[in-house]
Amino acid sequence: MKKCTSEGEVLNKMDLSLFVVNTTTKERVPVVLSPMTKEDVLVTTQEPHWQTEWDTEYIQDEEKEKFSLKTCDGELVGLVAYEIRAKYVLVRIVYMESHPESNPTLVSHKKYDGIGKALIAAGIALSVNNGCYGCVTLEAKTTELAMHYYNAYHAIPLTSLGGPQRFMFDGDVSLAIISDYLTDSGKENL
């Protein structure tokens, strides 16, 4: 599988080869994580509509680091917003979303699979790069997602105090997720 690169690539300390899987061909499609642009945000407001418009004040808060996940030919497949919480030694995934053609709540047959896993792996790399040792947290938007994080990725449930179910990826759980994407030089940085 070829690796795509971008001048804006943010995972420079951990050498990852991110990919998603084309659900029709079952082939791995290389993707790159880059800072989200105004054009990426605009895509969320056009057809096909994303579940969330990414131009909201909450998401556009300057404290959040926002990224797009694109194929090598520039197809936008996912967006994510992270908060680096160095004081708490973690990176928090504030929000992540797949393109409408790959979002299981919007379509019955997804174009790409593995978008969420790639975005979680990128969050783990961001955590390592910022001295947070691979610790990442997120909130599940639905009960189905909560079960998916728990069953597929062995996410560690956290106390939620009545809100959305919260999870943590840390230690062996983080390593299991990111190991699918690590290149040989990336393994040296663990």
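Between which two helices does the loop that holds Pro48 lie? Pro48 sits in the loop between α1 (38-43) and α2 (57-60). Helices (H or I, at least four residues) and strands (E, at least two) are DSSP runs, numbered from the N terminus. The peptide bond from Glu47 to Pro48 is cis, and its omega is near -15°.

The model is predicted: local features need pLDDT of at least 70, side-chain atom pairs count only at pLDDT 80 or more, and totals for chains, interfaces and linings use all residues. Residues are numbered from 1 along each chain as its sequence is written, and side-chain values use heavy atoms, with hydrogens and water left out.

The protein has six helices and nine strands. Of its 190 residues, 46% are buried. Buried means under 20% relative accessible area, exposed means over 50%, and partly exposed lies in between (1.4 Å probe, protein chains only). The accessible surface comes to about 10100 Å², and carbon and sulfur atoms hold 50% of it. These areas come from the Shrake-Rupley method with a 1.4 Å probe; for residues, only the protein chains shown count as cover. Among contacts with a separation of 6 or more, 59% join residues 24 or more positions apart. Contact means heavy atoms within 4.5 Å.

Rolling a probe the size of a water molecule over the atoms shows where empty space is left. The largest pocket has a volume of about 670 Å³. A pocket is an open set of points on a 1 Å grid over the protein atoms alone, where a 1.4 Å probe fits, with protein on both sides within 12 Å along at least five of seven lines; lining residues have an atom within 4 Å of a point. Grid points are joined across faces, edges and corners, and the volume is the space filled by probe spheres set on the points. The lining holds 31 residues, and Met96, Ser98, Pro104, Leu145 and Tyr149 lie nearest the centre. β5 (90-98), β6 (112-113), α3 (115-129), β7 (136-139) and α4 (143-153) each supply at least two lining residues. β5 gives the largest share, seven residues. By class, 14 lining residues are nonpolar, nine polar and eight charged. Ala, Val, Leu, Ile, Met, Phe, Trp, Tyr, Cys and Pro count as nonpolar, Asp, Glu, Lys and Arg as charged, and the others, Gly among them, as polar.

Asn103 belongs to the loop between β5 and β6. Asn103 is buried, at 6% relative accessibility. Beyond its neighbours within four places in sequence, Asn103 is in contact with Gln51, Glu97 and Ser98.

In α4, the buried residues are Ala146, Tyr149 and Tyr153. They cover an arc of only 90° around the axis, so they lie on the same side of α4. The arc is that of the directions from the helix axis to the C-beta atoms. Their cover includes β5, α3, β7, β9 and α5. The face turned away from the buried side carries the exposed residues Thr143 and Glu144. Thr143 has a relative accessible area of 59%. Thr143 and Gln165 are 22 residues apart in sequence, yet 7.9 Å apart in space, C-alpha to C-alpha.

Helix α5 (residues 171-178) buries Val173, Ser174, Ile177 and Ile178. Seen down the axis, these residues fall within an arc of 120°, so they line one face of α5. They pack against α3, α4, β8 (156-158) and β9 (166-169).

His154 follows α4 and has a positive phi, near 60°. His154 is exposed, with a relative accessible area of 56%.
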